Amino acid sequence: LPSQAQDAGALWGKSGCASCHGNLAAGDGDPAYPAGPSLRRARLDRAQLIETIACGRPGTEMPVNLKGAYTEVACYGLPLGPKPAEVKGEGAMTAEEVNALADFLIANVLGKTRITRDNCAAFNAGNRNAPECQQF
């Protein structure tokens, strides 16, 4: 559904994903942001992507995004308990939001190294004429 895709594109922005991975998930290399990897070149299956979004990546800048990760929802095969100290963030997303974001990334980002205007529009509520999409 377009509304779900638009919501997931907005979720990308409001959740701070762009702060590390860039506005279009290409790991833009903008010196103003930490150097997050390009998700366009990531080789994760859906389950790995969901676990990474939900649980973060211990020992990296990738934060927890799922409410209750580690304490209510198991992560990386660990028993339920306190979030490990080497995991950043607190998590504000619901499981539905994590799934929607993963599906959005699978549909619009993973394996799509060439950004098109339509691809850019997916991050901008379907607006092909958004300022950041003019270059495509």
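By helix I mean a DSSP run of H or I with at least four residues, and by strand a run of E with at least two, numbered from the N terminus. With that settled, I read along the sequence and found the pattern α-α-α-α-α. My tally for the chain is five helices and zero strands. A reminder to myself: this is a predicted model.

**Overall form**

I looked up the radius of gyration next and found 15 Å for the chain; a compact globule of 136 residues would be near 14 Å, so the two agree. I also noted the box that the C-alpha atoms fill, roughly 45 × 35 × 25 Å along the principal axes. As for contacts between residues at least 6 apart in sequence, 47% of them join residues at least 24 apart.

**Surface and charge**

I checked burial and got 37% of the 136 residues as buried. The chain exposes about 7600 Å², and carbon and sulfur atoms supply 54% of that. Then I turned to the charges: I have 13 positive and 14 negative side chains, with the centres of the two sets 8 Å apart.

**A stop at Arg117**

I picked Arg117, which sits in helix H5, residues 117-122. Is Arg117 buried or exposed? Its relative accessible area is 18%, and the cut-off for buried is under 20%, so I put Arg117 down as buried. Leaving aside neighbours within four places in sequence, I found Arg117 in contact with Arg128, Asn129, Cys133, Gln134 and Phe136. I also looked from Arg117 to Leu78, 39 residues apart along the chain, and their C-alpha atoms are separated by 41 Å.

Terms used:
Residues numbered from 1 in each chain as written. Predicted model: local features only at pLDDT ≥ 70, side-chain atom pairs only at ≥ 80, totals over all residues. Heavy atoms only, no water. Rg over C-alpha atoms; globule rule 2.2 N^0.38 Å. Buried < 20%, exposed > 50% of the residue type's maximum accessible area, 1.4 Å probe, protein only. Contact = heavy atoms within 4.5 Å. Areas by Shrake-Rupley, 256 points an atom, 1.4 Å probe, with all protein chains shown as cover. Lys, Arg positive; Asp, Glu negative; His and termini not counted. Charge placed at Lys NZ, Arg CZ, Asp CG, Glu CD.
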